[in-house]
Amino acid sequence: MAQSTMEASVEKFVYDFEEGNRDLKDLLGGKGANLAEMTNLGLPVPPGFTITTDACREFLKTGRPPEGMDPQVGEHLAALEAKMGRRLGDQHDPLLVSVRSGAKFSMPGMMETVLNVGLTDRSVDGLAAQAGGDERFAWDSYRRLIQMFGKTVCDVPGEEFEHALDDAKRAAKTKDDLGLDAAALKALVRTYKELFREHTGRDFPQDPREQLDLAVSAVFRSWNADRAVLYRRQERIPTDLGTAVNVVAMVFGNLGADSGTGVAFTRDPATGEPGVYGDYLANAQGEDVVAGIRNTIPLQELAGKDQKSYDELLKIMAKLEEHYRDLCDIEFTIERGKLWMLQTRVGKRTAAAAFVIATQLVDEGVIDLDEALRRVNGAQLAQLMFPTFDLSQEPEQLTRGVGASPGAAVGKAVFDAKHAVAMAKEGEQVILVRRETNPDDLPGMIAAQGILTSRGGKTSHAAVVARGMGKTCVCGADDLDVNLHKGQFTVDGHVVSEGDVISVDGTTGRVYLGEVPVQPSPVVQYFEGTLDAEADPLVSAVHRILTHADGGRRLRVRTNADTGEDAARARRFGAQGIGLCRTEHMFLGERRSLVERLILARTAEDRDAALEELLPLQRADFVELFREMRDLPVTVRLIDPPLHEFLPPLEDLAVKVAVAEERGQDPGHDKDLLDAVRRMHEENPMLGLRGVRLGLVIPGLFAMQVRAIVEAAAQVDGAHPEIMVPLVGAVQELETIRAEAEKIIGEHDVDVKIGTMIEVPRAALTAGDIAQAADFFSFGTNDLTQMGWGFSRDDVEGAFFWRYLELGIFGVSPFESIDRDGVGRLVRIAVDEGRAARPELHFGVCGEHGGDPESVHFFHEVGLDYVSCSPFRVPVARLEAGRAAVAEQSTSDTR
């Protein structure tokens, strides 16, 4: 009894495919969960088992497999051998397995895979016999194992193997590895083994179980590989998930012309159009397709090569899409006419395809509009608002490849990922040009505006990763002769060198010489009212989903706008008012001299005269805003930044005055200006005389602005002004300004709300007191983040944020997405205490977080009434506000 209790307490780290299902992605990873799901659907999946993410996390903590994992692997391996009727690495009839990563979220190419595990010097002849005496196949499989194992498991430089392969092809006078016969491949294996010993100090392992164990550990370690960490950071994938490992019986696509491997999509991942989409490569293993090292054929052409497998594949594709109720991405292998399914997942798609597919599935009765809304997001909508190329001037077309990820990208051609990163840091826009990309190119792909490859198709590494990042990509432009060493490519005799500007259209696949001008996207044209919603399938899909979002969202969406032009655009984009008008922007340009007079005023009379001149200018500004936003609220923030920002820099002015005096000249006005600048100089102006403090220190300044707002509102029917007092930290500050404002408001028949920005941590912590003097709170999350974290945005983002992101201290910049635990807690406190003190209080946010998709969900959760963002982010906020409401409803339905 004691022994059985002990056995029962051992954690289960290994699952056969029959034991899992698609709901176990946290434990089995996406690949393992979906292999299990396909197995249980009765589809032709090679047998195998999955080692869990729990095991990975334990391995990463201790550097070794968790206790109990090894014997479980042995038990499941024995069961696999029994199913296949073969033993791993058997001399006469070997079982070979693939060892593949598989995290909860798809990370294409970022972690490791090793194929043909179990091959040894003794079993390679057995594999040839198993394949009907095909020695070439056996030695090709062996060289692949040594190459992948050496690079993945033992850190042998991959280029060493590539150079040896290139040498072998040159010796055989072939450009394709298919041109290498069995003797050439046998010689190549000897070379590979020598390279392995040279770099590792040991022979290539001949124990099949040792190969398996080392491969599993390598896959676990690859979770923390640089490229995987970078990809997770880019895609905001949590760092603590770990990866599962899938051990699968090998099936071979490199057994001859009646074998092959491919990738299929149930709909076009670029446009969303239904149909047969994918790539197929005869006589190849799966990595050959995604690596892009040989150009594939369209999936439809498989019908002419193997009609039986093609028909079976189409039936399986239809079954999987019906089962998953979504676009499916499928990997398959044909082994001598037998179709095997190696993977499926809900496929990555472009932003355009996401919207189109969602509405297609609604029309097909597969999902409802709530689910369609869940399947798109604000980041995708933002991508759709990027401009497209204006081809009216008929630019020179260099070539055309496969449009793998839409967008219009312009930049200097760069042929090396590291150089792309360096140039991007210097402010250059670049296009990364490669024969094909691999996971090591990820930093350059992130830095580039777009990606261009001469090899590969819509399922290559470049295409899949670019789609995931929303990055413009053209693949398979096979008439490009890319010379990485010279840093140039040639097409039709035209040479494009590094630094030459090219333009890449990820929708059409066209590549142009020079900079092609851009024009508004169809989605922006729709928002601007110049394109009808039904004129374009994509625009129609956006319209339908956004309309549904508007119907269900609780959060209202306002805009940050300082001019009538911005206000008008925001209203066309669906804004429901202005949440932030920054009046300090109205004091720039020709009005700067009036501000100088105000600052330099020595007497009350001089100060009042300057304010009197500013009053009609301010009033006209507000009249314009109120007219554009008629019948909608307009929140006007009283002047906020330090007044010294309107004056010349101290150092420049001091030098100018000193030079004049040295030359015996009268510095005149500059001397008075210098005295004023010195008088106002602050070591840390962002924490100095600004916001409400200005209104209290400079008599009449806020009164002038309040008067301008009230008088403008009196002129415009349907004006709904709200006055916002910035940088309040104590209720007494707001009470003083409010009392002054109410006297002015009382002179006119105008209803004006008075509130404050919550941007000082103390204001959030004393919100219950401040609420007594406020009609509304609006969170200024930019300053709240600066003061909450204790750093200046302008100074720190370039100085050390990159390191904080690299170390995982930040998952994302706190200025990009709200810091829920720290700054977010201040927001929660202010909402809870403010509402408790004054139930009718309204809450909004007007920092840049108001247009960030992730932050919008947070603001919905804490109970704000509206978010405010820039005009172009208004549709994004509308969509995410609707998604937040649907998510909340889904949560409540499951309780």
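The legends below describe close-up views of a predicted model. Residues are numbered from 1 along each chain as its sequence is written, and side-chain values use heavy atoms, with hydrogens and water left out. Local features need pLDDT of at least 70 and side-chain atom pairs count only at pLDDT 80 or more, while totals for chains, interfaces and linings use all residues.

**View 1. A closed barrel of eight strands.** The barrel runs β26-β27-β28-β29-β30-β31-β32-β33, with parallel pairing. From one strand to the next, the twist averages 25°. Strands (E, at least two residues) and helices (H or I, at least four residues) are DSSP runs, numbered from the N terminus. Two strands pair if DSSP finds at least two bridges between them. Helix α28 (residues 701–715) lies across β28 (633–637) and β29 (720–725), and runs at about 170° to β29. Such angles run from 0 to 180 degrees between N-to-C directions, and axes are lines fitted to C-alpha atoms, for helices over the stretch in contact.

View 2. Strand β30 (residues 753–758) pairs with β31 in the parallel sense over three bridges, and Met757 has Ser778 as its bridge partner in β31.

**View 3. Phe779 in the largest nonpolar core.** This core has 130 residues, and those with the most contacts inside it are Phe355, Phe622 and Phe779. A nonpolar core is a set of buried Ala, Val, Leu, Ile, Met, Phe, Trp, Tyr and Cys residues joined through side-chain atoms within 4.5 Å. Not counting residues up to four places away in sequence, Phe779 touches residues including Ile758, Leu784, Val827, Phe843, Val845 and Leu864 (contact means heavy atoms within 4.5 Å). Apart from this core lies another, of 58 residues, among them Phe13, Leu77, Phe149 and Ala218.

**View 4. An open sheet of eight strands.** The strand order is β14-β24-β23-β16-β17-β18-β19-β15, and the pairing is mixed. At the edges stand β14 (397–400) and β15 (402–405), each with a single partner strand, so one side of each is left without a neighbour in the sheet. Neighbouring strands of this sheet are turned by 30° against each other on average, direction ignored. Three bridges join strand β18 (residues 450–453) to strand β19 (residues 472–475), and the two run parallel. Cys473 in β19 is the bridge partner of Ile451.

**View 5. Helices α25 and α26.** Helix α25 (residues 650–662) packs with helix α26 (residues 669–680) at an angle of about 145°, with the axes 10 Å apart. Leu650, Leu653, Ala654, Lys656, Val657 and Glu661 in α25 meet Asp670, Lys671, Leu673, Leu674, Val677 and Arg678 in α26.

**View 6. Arg878 in helix α36.** The helix spans residues 874–894. Arg878 is buried, with a relative accessible area of 10%. Leaving aside neighbours within four places in sequence, Arg878 is in contact with Phe527, Leu546, Ala549, Asp550, Arg553, Val557, Phe573 and Gly574.

Technical notes: Buried < 20%, exposed > 50% of the residue type's maximum accessible area, 1.4 Å probe, protein only.
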